[in-house]
There are 2 protein chains.
Amino acid sequence: MDENIYALTDTLDKDLLEDNLTENEKQSLAIQIQKYIPKDAIALAQINPTSGDVKSNAIKAFKWIKWAQRLNLDAVVFPEMYLIGYPIGDFIDRFPIIVEENIEWLKALAAKTTGKTKVIMGFAEFNKTKGGKKYFNSIAVLSEGKIERIIRKTLLPNYAEFNDYRHFEPAPVNSEQRITTIGQNKAGIIVCEDGWNDFDFFDKNLYGVDPVETVIKEQHPDYIVNCSSSITRAKKEQLKHNMLAFAAKKHATPIIYVNQVGSNEGLSFEGASRVYDQNGRLCAMAKSYQEQFFIVSPSEGGKIYPLPDGLEKTLNSQKAFTLDHEPDLERTYLTIVQTIRDYFKKTGFKRAVLGLSGGLDSTVSAVLLADAIGAENVFGISMPSKITSAESKSDARELAQNLGINFAEVSIKDMYDSTRAKFDETFSAVESKWNCRYSECFTNDNIQARSRALILWGIANEFQSCLPIATSDKSELYMGYATINGDMSGGFAPLADVSKTKLFALAKWLNKNREQKNAIPETIIAKRPGAELAINPKTGKPLLAEEALMPYEFLDEVIWRVENLQQTITDMMRAEFLYEKHLKEHGEELSIDKKLEWLNKFFRRMSTALYKWFIMPPSPIVDARSINKTEYRHPIIASRINYNKTTYEEKLKELR
Amino acid sequence: MDENIYALTDTLDKDLLEDNLTENEKQSLAIQIQKYIPKDAIALAQINPTSGDVKSNAIKAFKWIKWAQRLNLDAVVFPEMYLIGYPIGDFIDRFPIIVEENIEWLKALAAKTTGKTKVIMGFAEFNKTKGGKKYFNSIAVLSEGKIERIIRKTLLPNYAEFNDYRHFEPAPVNSEQRITTIGQNKAGIIVCEDGWNDFDFFDKNLYGVDPVETVIKEQHPDYIVNCSSSITRAKKEQLKHNMLAFAAKKHATPIIYVNQVGSNEGLSFEGASRVYDQNGRLCAMAKSYQEQFFIVSPSEGGKIYPLPDGLEKTLNSQKAFTLDHEPDLERTYLTIVQTIRDYFKKTGFKRAVLGLSGGLDSTVSAVLLADAIGAENVFGISMPSKITSAESKSDARELAQNLGINFAEVSIKDMYDSTRAKFDETFSAVESKWNCRYSECFTNDNIQARSRALILWGIANEFQSCLPIATSDKSELYMGYATINGDMSGGFAPLADVSKTKLFALAKWLNKNREQKNAIPETIIAKRPGAELAINPKTGKPLLAEEALMPYEFLDEVIWRVENLQQTITDMMRAEFLYEKHLKEHGEELSIDKKLEWLNKFFRRMSTALYKWFIMPPSPIVDARSINKTEYRHPIIASRINYNKTTYEEKLKELR
């Protein structure tokens with residue numbers, strides 16, 4: 001395909017975003033583009049809907065449809081569930097009006113289709129058959145003023161972040177119904193998960209039928225169109241690529257894959273819509289993390305935009321833990337920035353306020369926020385207590401200056417003192433009745449963290465459209481090393497799925513790869529993490545996190561093994577950790593006792609952290625697996641479980 | 001059946017709870033009971049497991065099994081998923097070790113079966129067939145030292161609080177496999193939802209097969225055994241009763257229904273296990289909200305213990321909203337008390353601390369806590385600010401004295417003043433950069449609510465096993481009338497599914513029905529609710545909640561219509577509310593404008609409350625529908641949706 005078309009459609013993409021061309025300019029641009037449109041051309045609408053906001057989604061789609069009509073394309077294809085938004089959560093169950101509205105908007109859009117340009121669009125359909133769930137997850141083909149046909153999704157994912165089967169009825173494959181004519185071709189339409197069940201590709205299949213195979217064998221379409229809403233996760237892209245390439249080649253049939261872009265709540269879609277030819281060769285791929293009106297041809301392909309790093313890992317690398325986070329940092333950065341940006345935009349917030357401690361978590365959060373919503377909309381507040389070092393204060397200030405975000409320093413000393421005085425009075429009263437006071441506890445640490453959150457939420461009360469930010473990272477959330485109503489409190493938690501070792505790598509990557517180099521002071525990256533809430537009596541210095549927990553390198557590998565390999569303590573005692581390898585390289589060794597102590601500590605602390613997971617603010621999903629509430633729910637009452645294994649004989653002995 | 005057996009088994013129930021009999025006493029009790037054991041007797045193990053705590057569940061079950069063996073019963077039947085606990089959430093996905101352990105414990109229990117006494121028990125089974133979900137939701141029949149057979153659940157609910165289909169594979173009915181011999185009889189075993197799909201009873205069925213009908217038609221069992229874990233909800237009992245009675249009569253086959261008791265996280269199971277004879281007549285029913293070793297006979301029935309009020313409403317009453325909460329108050333009380341008690345017990349907490357404002361929410365919370373965990377384990381703190389009235393303070397003190405809970409009064413004035421001073425300093429700094437300060441906002445109200453939460457969490461930090469309580473009620477949560485990190489913050493929220501009008505009724509009911517009469521001062525029930533956080537400039541008195549929101553009678557009906565009828569603003573404008581009827585009875589009228597204003601306000605406020613629902617602490621499910629996180633997830637980003645309807649013509653006009 002001619003490269004010129006992509007230079008021209010950049011202007012079109014901008015128009016769709018900003019609506020800045022006059023009708024005449026649009027017509028003239030359309031004439032220029034038309035010169036380069038190949039045979040069988042269709043547009044892939046790589047577009048960003050808002051869940052539930054049917055009206056806005058419909059009006060937005062119509063702009064895209066009009067462009068397809070101006071260019072006289074054979075079709076414009078939208079992602080799965082585009083009109084109502086994906087994911088949609090439970091509220092279509094309680095507010096069926098949203099579904100009624102999406103049906104009527106679909107009809108209104110159908111009324112506007114003209115000429116040869118078909119519109120293929122995902123929506124939610126009422127299930128009017130007897131029995132089953134309330135809705136179907138469907139694709140409509142709109143043509144010549146009417147709804148030509150409706151295709152219903154067969155395979156409904158219901159694991160991790162997916163809940164399709166909760167509200168949607170699985171439909172039989174019905175291959176005949178899935179075929180529509182697009183220009184000179186016969187296209188077979190499938191919906192997202194329908195394309196993820198090839199019996200030759202996967203060792204274990206979740207479903208008994210492969211709709212792609214059924215449609216191709218029974219109907220012999222010229223190509224397959226897959227309308228998807230598939231989120232980005234670490235190391236998922238290569239699986240997707242291998243699978244789509246495999247299926248296209250196996251069936252000798254091109255596959256056109258359209259994916260949503262943008263974020264809805266914590267789920268982030270990367271776009272990267274694409275075409276595979278009948279040899280399984282990738283012959284077109286859209287930009288990632290951007291809306292794009294992507295013109296392709298199943299016979300002539302299209303342009304291949306490069307993927308961000310981390311969107312092209314091999315499948316094998318999924319099986320090993322590595323501290324080389326480098327290959328996934330660009331994707332991580334883009335995913336979090338997109339998720340923050342869309343969360344603010346879609347909820348109507350404009351500004352963010354966060355505490356700047358001079359530590360790594362708040363530092364990286366500030367950078368990501370500045371890039372997502374603009375430095376002028378971010379306010380960093382340094383809130384020192386008597387434990388805060390002079391270096392932390394100056395690091396925070398320097399970071400704010402470098403980033404160009406707003407900055408203020410306010411001491412929490414007076415708030416701390418008046419709270420502490422009131423606590424003394426209260427605790428005496430309680431102690432007179434309850435003889436169970438701890439000799440050591442986190443009360444003073446927490447007063448500091450909570451006073452800071454009080455200030456941040458106060459600013460959110462007092463200034464318009466302003467959201468406080470929770471800065472807790474994934475490693476610390478697993479350990480419950482975060483204060484309720486303190487640093488884990490906020491309207492959004494950007495780092496909740498980023499482990500500490502990855503955060504260090506990300507900080508370095510940001511210094512190197514952002515337009516503005518070295519915004520993060522080197523001292524922040526160099527220092528060992530600590531909350532600066534308490535003094536370590538052994539050292540006389542602020543307690544370091546690794547002293548309270550365990551080495552981050554070890555901790556992060558435990559998290560990775562639990563999330564990705566479902567390992568027990570027994571399994572992990574048998575495995576050699578990277579941390580152990582690295583010690584050996586220095587002639588040292590991790591004792592079995594110490595390793596077991598850390599593993600037991602991990603599960604004990606994780607069990608007491610479950611409540612904190614339950615009340616965590618919304619956050620992005622980044623890793624292959626996460627503790628994001630959208631994906632994973634661990635009952636709090638299951639907090640005293642033994643995650644180790646006992647033998648059958650030990651069990652028999654207990655039954656007396 | 002002879003009544004004597006039930007007097008005797010009361011001692012046995014106590015022994016199972018407290019393990020207080022010697023082996024000799026057990027033998028002698030067994031001999032006494034045996035005299036009265038009828039033909040075909042089996043025990044229904046109405047028992048309380050802890051999700052995930054497989055070892056404790058197994059050891060507990062074994063005590064019950066030994067009693068069944070001592071009594072030489074034909075069988076002892078446990079609820080669905082008993083061994084691993086129900087609900088189990090997502091953690092069996094990440095920690096398959098819990099499932100491995102439950103299999104091994106099952107084998108160990110099987111090894112202990114002897115003589116004629118079979119054990120029928122729910123557990124989680126690995127799916128070793130090719131494809132499908134990881135597990136089956138199964139029932140094992142244990143007999144003569146072995147696992148005799150395994151029955152797999154066919155119908156897997158996946159709505160509201162149910163997520164079975166997320167981790168379990170539906171199994172074919174396989175009627176032959178479901179038959180086991182119990183004593184002289186052939187029993188057909190089904191699992192909970194398997195019994196909820198009668199095609200003649202329901203207008204609309206969720207599934208295409210009725211396992212009860214299949215098993216009876218193909219195998220002609222003498223009776224059906226349904227192993228269940230079915231939670232209590234308002235007005236669910238009558239549906240269940242009608243359905244089970246209908247099915248028993250239709251098939252002329254007795255149905256024995258065993259239900260879990262106790263609470264796991266927010267879900268509460270009421271027990272009330274039972275037997276219907278072949279004429280559909282209820283002929284035995286266990287106690288509600290108590291563990292019971294319930295001996296029944298399919299031929300001779302058993303004892304019928306009465307249900308608490310609210311467990312026997314007619315189906316018709318489900319279709320009308322009424323402010324007569326009276327019939328559901330006993331069930332509501334028992335459900336919340338059981339949920340609090342089990343949450344504390346299963347997480348290992350012993351004590352609760354809450355703010356006592358002298359208002360209705362904190363008052364009813366204190367009563368329920370005292371009844372759930374013991375008055376001596378509850379600490380009520382009155383934390384007046386300058387707005388708090390003398391009456392509120394004395395009401396709080398009087399309540400605490402009446403209940404016998406611990407009490408202290410600490411002023412938050414100093415904390416408020418130092419926070420306010422720090423806010424002034426901070427806000428000037430912010431205002432110098434951001435020109436978006438509100439002229440009116442809730443900053444001062446929230447300082448008060450958050451200072452109080454700071455004190456409660458401080459106590460939880462300082463004293464062992466102590467949980468702060470969030471007192472927000474359902475009406476206020478819908479309106480977002482609760483402070484983040486303030487009154488909505490806590491380790492548990494007992495009232496989150498109780499509307500304000502019901503709370504008033506509950507307060508009166510508690511005064512009348514608790515052993516200790518009139519513990520709640522009349523002045524608390526008589527006063528109109530208000531948070532006492534701000535002064536109403538119009539009246540010069542503390543702002544009342546109904547002035548800030550709308551009349552509670554109206555608000556609670558809107559909530560009911562949204563939850564139970566899925567109504568839109570348009571639907572509700574057409575309906576006559578009770579509030580309107582009551583006004584008319586007094587010669588007044590609610591104007592259309594005012595009604596529309598309130599409805600718009602409801603949806604506007606609800607949309608901004610979604611974030612607060614997301615971070616709410618665990619709470620009981622009480623009503624027929626709720627906003628409990630276990631049941632309902634509404635995307636926060638869908639906060640700016642129009643819940644009204646527009647016409648097709650209006651839509652066409654928007655597409656230009």
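These legends go with close-up views of aromatic rings in a predicted model. Local features need pLDDT of at least 70 and side-chain atom pairs count only at pLDDT 80 or more, while totals for chains, interfaces and linings use all residues. Residues are numbered from 1 along each chain as its sequence is written, chains are lettered from A in the order in which they are written, and side-chain values use heavy atoms, with hydrogens and water left out.

View 1. Rings of Phe, Tyr and Trp (its six-membered ring) pair if their centres lie within 6.5 Å; planes under 30 degrees apart are stacked, over 60 edge-to-face, and the rest tilted. That rule gives 56 aromatic pairs over all chains. Here A:Phe95 and B:Phe603 have centres 6.2 Å apart and planes at 70°, so they sit edge-to-face. Helices here are DSSP runs of H or I, at least four residues, and strands are E runs of at least two, numbered from the N terminus.

**View 2. A tilted pair, B:Phe321 with B:Trp560.** It's 5.5 Å centre to centre, with 50° between the planes. The pair ties together parts 239 residues apart in sequence. B:Phe321 is buried at 13% relative accessible area (buried is under 20%, exposed over 50%, partly exposed in between; 1.4 Å probe, protein chains only).

**View 3. An arginine over a tryptophan ring.** The charged end of A:Arg70 sits over the A:Trp67 ring, 4.6 Å from its centre. To count, NZ of Lys or CZ of Arg must be within 6 Å of the ring centre and within 35 degrees of the ring normal.
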